Amino acid sequence: MRLFPRRSIPVRRLAHLMLACWLLTGSSLARTFQDAGEVAAAVAQLRSVLADGTSEQRRSAIEYLAAYGGSEALDLVADALGDPDPYVADEAQLQVTEFGADGALKLLLGRRGIGSRDRRVRLRAAEAIGRIYEPVDAETVLSRVRDKDVELAMTLLWSLERLIERDSITGKKERTIKSVRMRTGRGDNDRIRARAMQVLSLLDPYDGAISADNLRVDCGLETAACLMDTFQRLQPVGYLGALHRGLEHENPAVRLRAIDVLLRKLAIRPTLDAFVHRLENEPRAAIRRRLVEGLQLFTGEPLEDAPAEWRAYVSALPSAWSSGDAPRLPIPPQKVAGGMDVLTTLEPESDRLAILLDVSQSLWAGTSSELNLLDLITPEIERLLGRVDQSGTFYLLPFGDRPHPWSECPVEASAANVEAALAYLRTGLAARTSKSEGCNLHAAIEAALAHQDIDRIVVITGSSFYVGEHANVPLMVKLFEERTRFRPAIFDFVLLGVTEPGPASWAQLTSARGGTLFDVILK
C-alpha cells in the first residue's frame, strides 16, 4: 500500500523508469521489475545506484524514486540531501517535495531535515518546504523559526512567504498573524524581522507592524529595505511620502529598494522631483546610474548624469504629469551576445565593485588564437578597474575550488592597488591556484556578498559545471535573488563560451538585480 496515495504511476512513466533502470544498472533490474512487478525490487536496485553510481546516475535515481513515492523512496531521497556531490544534493532538494505535504513536511521539519547537524542539509530542507504544492500548516512552520539559527529562520520565513503566495497554508489566520507579528518587534534580529514583515504583509497588509511610521524609528537596514518592498504590494500612492523618505535613507540598500518600487509603480511628477533631488545628493555611482536610468525611462529624455539639466527639464513639466505623457526610451538590453568585442559595452557604474574571476580548468583552455582565456580577459579587467574612482573601492576575487582573493577585503582603487592586483593576475595567480580546479561559483558569490559595502558584482566565468555547496543553476539563481532582496547588489555576468543551462538562467538573476548578461561566443 502506498504511503501517499495522491497519484498512481502512469504506464508511460513506468516504461521510462524501466528504461532508466536498465541504463543505470544493467538489464538485470529491468528483468526483475518485469518478472516480479514489485516496486520494492526497483527501489532496492535504485538504493544501490545511490550508493555506488556516478553523479548522473544518482541524480536519475532520485528522480525516479520521486516518481515511485512511498516511505522507503522518501527515506532514500532524504539521505541524498547530504550527498557530497552538489548536483545530487540539489536534485534531492528539488525532488523531495514530490512526496507531498503529509510525508515530505514531517521529514523536512525533523532531525533529517532542519534538525540535521549538517548546516547544508538544514538550509536545503528549509528551502524545499516553500515548494510543497499541497497545503501546509503555517503554525507548524512558524514554530521552528528561532533566533539562534538566523540563516535557518530566514529561509523558513521565505518558504512560508512562498506558500502564502500560492494560497497553500492551513490553520487559523488570526493565530498565524499573531505568531508572525511576534517576530516583527524592534528587538528581534533585523534579518529575521524583515522576512517576518514580508510574511505579515501577505497575511494582513495593513497591520500596524508594517506601517510607514517604522521608517521614523531605529530599524535595521534589512527591515527598512523590506518596508520599501512591502509598500509595492499595497496602494503605493498612499505610501508616497514613505517611499520618498526611503530615497533619503542613510543606507544604500533602502535607497535602491525605494527606487525599484517607484520605478514600477509611481511614474508621476512627484517621483521625478524626488529622483532629481536624490541625484543631486547621491554619493554612490551605482545608485546614481539607477536614478538616471529611471529618469530616462520615465521621460524619454536621453540626458545623462547631469542633475542641473534634469532639474531644469523636470521643473518645466506640469504638476499633473505622468509617464503616459512622454515616450519611453528603449529599455537597456539585459542580455548581449557576440564575440569578445561585446565586452567593450560592459561599463558597470560602481565605486564599490567586486570582480569574480573563474580560474578553474575552463580559464586555462586555449582558443583559436592560442591564447588562454586569462590572457583574453585580463585587459578587460584592467579596463573595469580603471573605471572605479580612486576614492572608491574594489575587490578582486579569483576563484576555483574555493575563493583566492587578492585582498581579504575591498581596497581603495588607487593606481598602486590596481597595478598590484593586475600583477597578481599576470604572475602570481598561477602559483596560488591549480589548473585542475573546479568552479565553486556559489562560494565566490557568497564571499563577495559577505562585504556589505559592495554594491555591484561582475562575474566572469567560462564554466558550465560547478562544485561546492550548490550546482543547479536555476536553484542558485532563486537562492541569490532571495539572498540579495534587501541589500544593494547589482549582478553582471560575463559567460565565456558557456552553454546551457547557464545563459538563460543567469540572465534571470542579472535582470532581477538591474545588471546585464554578456554571452561571449569564443572563436
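Strand β8 (residues 490–496) and strand β9 (residues 517–520) pair in the parallel sense over four bridges; two strands count as paired if DSSP finds at least two bridges between them. Strands (E, at least two residues) and helices (H or I, at least four) are DSSP runs, numbered from the N terminus. Across this pairing, Leu495 has Asp519 in β9 as its bridge partner. The model is predicted, so local features need pLDDT of at least 70 and side-chain atom pairs count only at pLDDT 80 or more, while totals for chains, interfaces and linings use all residues. Residues are numbered from 1 along each chain as its sequence is written, and side-chain values use heavy atoms, without hydrogens and water.

Both strands belong to an open sheet of seven strands with mixed pairing, in the order β3-β9-β8-β7-β4-β5-β6. β3 (335–338) and β6 (411–412) stand at the edges with a single partner strand each, so one side of each has no neighbour in the sheet.

Two helices lie across β4, β5, β7 and β8: α19 (residues 373–387) and α21 (residues 441–449). Helix α19 runs at about 180° to β4, and α21 at about 160° to β5. Axes are lines fitted to C-alpha atoms, for helices over the stretch in contact (heavy atoms within 4.5 Å), and angles run from 0 to 180 degrees between N-to-C directions.

Elsewhere, helix α8 (residues 119–129) has nine of its eleven residues buried, so it is largely enclosed by the rest of the structure. Buried means under 20% relative accessible area, with a 1.4 Å probe and protein chains only. The cover over these buried residues includes α6, α7, α9, α10 and α22.

Key
Buried means under 20% relative accessible area, exposed over 50%, partly exposed in between (1.4 Å probe, protein chains only).
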